[in-house]
Amino acid sequence: MTQDSKRMYEGMFLVDSAAATSNWDEVEAELQRVFERADAEVLNLQKWDDRRLCYDIAGHKRGTYILTYFNVEPGRVSGIERDVKLNEKLLLLLVSIRSSSSMSTSASSPMMGSSSGMLLEAEATALGEKG
């Protein structure tokens, strides 16, 4: 499809802290592989924060958050989510649509909800089915 059919998304990945600390290049390569499979154009990928988790996720007590911005066809987002679920190095993913009205918001405050112009993928799907 053409560039016009792609939308901008914001993705927050959670990976094992030990893997992100000891071998960042491998983690970054794994993320790039996920994006390549979905034919996504990565605009920005940065290690965001390392934190203790509120509860264990796949046996991990700490996680490193990776903030990404990417363009992809809306139908390919589910493929990215599936690849993350099947990958042992990638623990979780939260994807939001990045609307044009929220382009001016800073990268230091991701995932602020629809009040900053972003919709969760589920909300966008529901709106698409109604409209």
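**The core and its rings**

Biologist: Which residues have the most contacts inside the largest nonpolar core?

Modeller: A nonpolar core is a set of buried Ala, Val, Leu, Ile, Met, Phe, Trp, Tyr and Cys residues joined through side-chain atoms within 4.5 Å. Buried means under 20% relative accessible area, exposed over 50%, and partly exposed in between, with a 1.4 Å probe and protein chains only. The largest core has 20 residues, and those with the most contacts inside it are Y9, L31, F35, I66, F70 and V72.

Biologist: Which element gives the most to this core?

Modeller: At least two residues of the core come from each of β1, α2, β3, α3 and β4 (DSSP runs numbered from the N terminus: helices are H or I, at least four residues, and strands are E, at least two). With four residues, the top contributor is α2.

Biologist: What kind of model is this?

Modeller: Residues count from 1 along each chain as its sequence is written, and side-chain values use heavy atoms, without hydrogens or water. Local features need pLDDT of at least 70, side-chain atom pairs count only at pLDDT 80 or more, and totals for chains, interfaces and linings use all residues, as this model is predicted.

Biologist: What angle separates the planes of F13 and F35?

Modeller: Rings of Phe, Tyr and Trp (its six-membered ring) pair if their centres lie within 6.5 Å; planes under 30 degrees apart are stacked, over 60 edge-to-face, and the rest tilted. The whole structure holds three aromatic pairs. F13 and F35 form an edge-to-face pair, 5.7 Å centre to centre, with the planes at 85°.

Biologist: How many residues apart are F13 and F35?

Modeller: F13 sits in strand β1 and F35 in helix α2 (residues 24-37). The pair thus joins distant parts of the chain, and the two residues are apart by 22 residues.

Biologist: Are F13 and F35 buried or exposed?

Modeller: Take F35 on its own: its relative accessible area is 0%. F13 and F35 are both buried.

Biologist: How far apart are the ring centres of F35 and F70?

Modeller: F35 and F70 form a tilted pair, with 50° between the planes. Centre to centre, the distance is 4.8 Å.

Biologist: Which parts does the pair of F35 and F70 tie together?

Modeller: These parts are 35 residues apart in sequence. F35 lies in one and F70 in the other, so the pair ties together helix α2 and strand β3.

Biologist: Which residues do the ring pairs link into a cluster?

Modeller: F70 is buried, at 1% relative accessible area. Beyond its neighbours within four places in sequence, F70 has contacts (heavy atoms within 4.5 Å) that include Y9, F35, I80 and V95. The ring-pair cluster consists of Y9, F13, F35 and F70.

**The strands**

Biologist: How many bridges join β1 to β4?

Modeller: Two strands pair if DSSP finds at least two bridges between them. β1 pairs antiparallel with strand β3 (residues 60-72) over 10 bridges. β1 also runs antiparallel to strand β4 (residues 90-98), and the bridges here number seven.

Biologist: Why is strand β1 largely enclosed by the rest of the structure?

Modeller: Strand β1 spans residues 7-16. It is largely enclosed because, of its 10 residues, the buried ones number nine.

Biologist: Which residue in β3 is the bridge partner of R51?

Modeller: Strand β2 (residues 41-57) pairs antiparallel with β3 over 11 bridges. D16 has G63 as its bridge partner in β3. R51 is bridged to G63.

Biologist: Which turn residue has a positive phi in the hairpin of β2 and β3?

Modeller: Two residues lie between β2 and β3 in this hairpin. The positive phi, about 50°, belongs to A58.

**Charged pairs**

Biologist: How many residues apart in sequence are the parts that E26 and K89 tie together?

Modeller: A salt bridge needs a side-chain nitrogen of Lys or Arg within 4 Å of a carboxyl oxygen of Asp or Glu, and the structure has nine of them. E26 and K89 form one, at 2.8 Å from N to O. E26 lies in helix α2 and K89 in the loop between α3 (77-86) and β4, so the separation is 63 residues.

Biologist: What is the relative accessible area of D83?

Modeller: D83 forms a salt bridge with R37, their closest N and O atoms being 2.8 Å apart. The pair links helix α2, which holds R37, to helix α3, which holds D83. R37 is partly exposed at 48%, while D83 is buried at 7%.
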